[in-house]
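Visitor: I would like to take a close look at the inside of this protein. Could you guide me through a single part of it?

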Amino acid sequence: AGFHEIVLTGVNICNYKCGDLDLIGLLEKMIALEGEFRIRLGSTEPGEILPRLIDLMASSVKICDFLHLPLQAGTDEILKAMGRKYTLTEYKNVIDYARSKMPYIHIGSDLIVGFPGETGELFDQSCKFVESMNFANLHVFPYSPRKGTAAEKLPGRISVDEMVRRVEVTKPLKAACSASFAKSLIGTEQSVLFERTLVNSAYEGWSSNYVKIRARAPKNILKEIYKVKVTAGNEENILSGKLTSK
């Protein structure tokens with residue numbers, strides 16, 4: 001139908017099952033389809049399938065080098081209280097493995113602040129861990145109780161004012177993540193799907209690793225995928241460069 005990017009999304013796509021077909025099997029079938037297109041994965045969860053998924057991503061140009069891997073908390077104490085099935089060490093090991101296979105992979109994450117029992121000290125530790133991970137982007141949310149959940153009954157509730165303060169504390173950290181990742185791509189070659197026409201024969205699109213990139217072209221390249229040698233960036237973390245090849 002002429003679409004060049006397919007996004008697989010869901011509550012937890014790593015748990016996808018259709019008969020004997022899991023997410024890896026689905027992706028292998030999609031990769032085998034003819035045509036110029038790429039596949040982007042929505043939010044994934046830490047789990048056993050991730051190393052296999054990373055291996056497949058690294059071996060196929062059709063799968064975007066992009067992972068949004070929610071962390072939710074940067075301390076083992078709060079992860080355990082949340083009922084998460086992974087530790088910080090396990091989480092870090094997965095990201096280290098992904099980066100060993102794809103040095104410029106976009107790793108995004110989510111962080112919840114103010115979960116019951118998160119003391120000021122634990123919050124500070126969480127921020128330090130997040131900073132150490134060098135995420136490409138970070139979404140921060142204040143904890144909100146939901147009726148009927150185990151968390152609703154936990155002691156150590158954090159005041160709304162304190163949660164607002166913590167969200168504000170993370171804003172510079174969030175901004176630094178995006179800026180650092182964009183800057184790291186200067187000098188590299190990236191695959192870009194151009195989606196918007198600008199002035200003076202310029203086009204703008206998203207790279208495989210989900211950064212906005214602009215380039216000039218002698219012909220219409222809208223809705224096409226091209227390689228771009230990144231040469232510069234601006235304060236909005238939008239990169240620019242020169243077309244190199246299809």
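Visitor: Which residues in the largest nonpolar core touch the most other members?

Guide: Please keep in mind that this is a predicted model. In the largest nonpolar core, which has 54 residues, the ones that touch the most other members are Leu8, Leu27, Leu53, Met57, Tyr91 and Phe135. Helix H5, which spans residues 120-133, gives this core its largest share, namely six residues.

From the cores we can turn to the pockets. The largest pocket has a volume of about 560 Å³, and of the 25 residues that line this pocket, Val61, Asp65, Ser191, Ser208 and Lys227 are the closest to its centre. Helix H2 (50-59), strand E8 (189-197) and strand E11 (225-233) are the elements that each give two or more residues to the lining of the largest pocket. By class, the lining of the largest pocket holds twelve nonpolar, six polar and seven charged residues.

The second largest pocket holds about 480 Å³ of space, and among the 14 residues that line this second pocket, those closest to its centre are Arg84, Ile112, Tyr143, Ser144 and Arg146. The lining of the second largest pocket is made up of eight nonpolar, three polar and three charged residues.

Key: Residues numbered from 1 in each chain as written. Predicted model: local features only at pLDDT ≥ 70, side-chain atom pairs only at ≥ 80, totals over all residues. Heavy atoms only, no water. 1 Å grid on protein atoms, 1.4 Å probe; cavity = no way out; pocket = protein on both sides within 12 Å on 5 of 7 lines; lining within 4 Å. Points joined across faces, edges and corners; volume = space filled by probe spheres on them. Helix = DSSP H or I, 4+ residues; strand = E, 2+ residues; numbered from the N terminus. Nonpolar A, V, L, I, M, F, W, Y, C, P; charged D, E, K, R; others polar. Core = buried A, V, L, I, M, F, W, Y, C linked by side-chain atoms within 4.5 Å. Buried < 20%, exposed > 50% of the residue type's maximum accessible area, 1.4 Å probe, protein only.
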